[in-house]
Amino acid sequence: MKEKLENLYNADNNSAYKTLLELETITTESNVLYNYFNNLLEMLNSEKTFIRVRSFRLICSLAKWDNENKINKNIDMILKELDDDKGTSVRQCLQKLNLILMYKIELTEIIEKKIKNIDLSKYKESMQSLIKKDIDYILEHL
């Protein structure tokens, strides 16, 4: 598992993405990755957007297993990724937020407030409409 997590830092995006998908699949069936939650939190501090996004996605995937409320305790830090300057990154994160909302109902209000306050003006117009669509979809399904 440690090797897989290290591969998330891989400059070879194809390899790292393949590992990300593999880890996301593992989290649907097992809580084995939950033991590495703090490693994922550390990844959120990376200077590299793609590493932070991978971390965000995996943290969302772990909501199902979060019996120690680590997501709750770190929700502000986790949601900070939604402020990223890269619209494609924000979209990837928004598309995984439903996993937290599904298993962490108590965080609905915090998440709703955060996504309603995303500054769309910093993205290209074409990206703004896509992000808005993602946000509207989440809000409709709360």
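Predicted model: local features only at pLDDT ≥ 70, side-chain atom pairs only at ≥ 80, totals over all residues.
Residues are numbered from 1 along each chain as its sequence is written, and side-chain values use heavy atoms, with hydrogens and water left out. Local features need pLDDT of at least 70 and side-chain atom pairs count only at pLDDT 80 or more, while totals for chains, interfaces and linings use all residues.

**Exercise 1.** Find how far α4 reaches and how many of its residues are buried.

*Solution.* Start with the term: helices are DSSP runs of H or I with at least four residues, numbered from the N terminus. Next, α4 has 13 residues and spans 18 Å from first to last C-alpha, close to the expected 18 Å. That expectation is 1.5 Å times one less than the number of residues. Finally, 12 of the 13 are buried (under 20% relative accessible area with a 1.4 Å probe, protein chains only). Among the elements covering them are α2 and α8.

**Exercise 2.** Decide whether E24 is buried or exposed, and list its contacts.

*Solution.* Look in helix α2 for E24. E24 is buried because its relative accessible area is 9%. Beyond neighbours within four places in sequence, E24 contacts (heavy atoms within 4.5 Å) R57, L58, S61 and K96.

Notes:
Helix = DSSP H or I, 4+ residues; strand = E, 2+ residues; numbered from the N terminus. Buried < 20%, exposed > 50% of the residue type's maximum accessible area, 1.4 Å probe, protein only.
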